[in-house]
Amino acid sequence: MRYTIKNLVFKGGGVLGVAYAGAVEVLSRAGILAGVENLAGTSAGAIASLLLSLRYDEETLKKILLDLDFKQFTSKAEPLRFQDRYGWHSTQPVREWLEDQVRKSRQPGELSGRETFQDFKDLGCRNMHVFATNLNTRSVEEFSVRRTPEVRVVDAVLASLSIPAYFQSFQFPDGKPNSHIYVDGGALLNYPITAFDTPDKNRRGALKANPDTIGFHLELLGHEFPTSDLEFGTFSKWAQTLYETVKDVQSTLLLSSPEHMERTVFIDNGGISPIDFEITPEQKTWLIESGRQATEAYLQLYRYRKSFRSRALRSLMRWRTRR
């Protein structure tokens, strides 16, 4: 079968983003990844978009995520700066890791890690859109070659993954595109499935779903989250509970639309916390397999929907509805 998938969208999810390695493996095996042109993501989804924009292959991507020690991301705690930087951990260790991935993606010395969206386009990288929350304007902001060509890609990813209170809020160091304060895009748009949709001429203010887009959504499948035992004095658990509560409300609203549901691969996260930076190798392997299985199941359903039999049945149902 010939797939028409050109756009991939990745939901935010902290360390759970490891699961995307399994999803990408299936996409590559099916011949889909080679035809992907556009990427969009928030937080962990922005990291996945960055690596795929740089054209890392599926095996290298999996190795990067399996080898990554997430504890290094929280190795620079600055509690005394919480009041003026609005967060517990500096994002500097994350910056160093991201810039290193950019440098390693091509011949040593060719890239510095400080490239802009325009630089990425000129280098032949896949087009990527990153989303962060602008606290000054109280809105979601998109970073891409279309909107912010002079912004450094790693800076945009850092803005997108700055989990409120857990990581220090982000400010672009060179003042591009502005000097506003940013936090994780997941605060307002954790799953940007509409990133490549276009205005619907028949419905004012509505978007027409792009059929060439599929998204990857991390959640606990088949279970409800138990009531948290959150108490005062446990900052890490407070940050985790706040983050998960906000993003889950957004997902419920977004996925109330059938057109979004049909374009979404639902990946079971096994109840692992997005900010469990001590995630084990066994948990990583489980997440990768979960991403693989979910994507295989989705593509099987995708093929059925595109089949002649499925199209005929839907046409018949529409005809009966009109009678």
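Student: How do the residues of the lining of the largest cavity divide into nonpolar, polar and charged?
Tutor: This is a predicted model, and a search of the whole structure finds one cavity of 30 Å³ or more. That cavity has a volume of about 250 Å³, and 22 residues line it, with G14, V15, A44, I47 and F70 the closest to its centre. Sorted by kind, the lining residues come out as 19 nonpolar, three polar and no charged.

Student: Which element gives the largest share of the lining of the largest cavity?
Tutor: The elements that contribute two or more residues to this lining are α1 (20-29), α2 (44-53), α3 and α5 (92-104). Among the elements of the chain, the one with the largest share supplies four residues, and that element is α2.

Student: Is T295 buried or exposed?
Tutor: The place of T295 is in helix α10, which covers residues 281-306. Leaving aside neighbours within four places in sequence, T295 is in contact with A23, V26, L27, F216 and V265. Buried means under 20% relative accessible area, and because the value for T295 is 0%, T295 counts as buried.

Student: What does α10 reach from its first C-alpha to its last?
Tutor: Helix α10 has 26 residues, and at 1.5 Å a residue a reach of 38 Å is expected. The buried residues of α10 include K284, L287, I288, G291, T295, Y298 and Y302. In the model, the distance from the first C-alpha of α10 to the last is close to the expected one, at 38 Å.

Student: Is E78 buried or exposed, given that E78 is found in a loop?
Tutor: The loop that holds E78 runs between α3 (58-67) and α4 (82-85). Not counting residues up to four places away in sequence, E78 touches G87, W88, S90 and Q168. The relative accessible area of E78 is 18%, and the cut-off for a buried residue is under 20%, so E78 is buried.

Student: What percentage of the contacts in the chain with a separation of 6 or more is between residues 24 or more positions apart?
Tutor: The chain has eleven helices and eleven strands, and buried residues make up 50% of its 323 residues. Among the contacts with a separation of 6 or more, the part that joins residues 24 or more positions apart is 74%.

Key. Residues are numbered from 1 along each chain as its sequence is written. This is a predicted model: local features need pLDDT of at least 70, side-chain atom pairs count only at pLDDT 80 or more; totals for chains, interfaces and linings use all residues. Side-chain values use heavy atoms; hydrogens and water are left out. Buried means under 20% relative accessible area, exposed over 50%, partly exposed in between (1.4 Å probe, protein chains only). Contact means heavy atoms within 4.5 Å. The expected span of a helix is 1.5 Å times one less than its number of residues. On a 1 Å grid over the protein atoms alone, a cavity is a set of points where a 1.4 Å probe fits but cannot get out, and a pocket is an open set with protein on both sides within 12 Å along at least five of seven lines; lining residues have an atom within 4 Å of a point. Grid points are joined across faces, edges and corners, and a volume is the space filled by probe spheres set on the points. Ala, Val, Leu, Ile, Met, Phe, Trp, Tyr, Cys and Pro count as nonpolar, Asp, Glu, Lys and Arg as charged, and the others, Gly among them, as polar.
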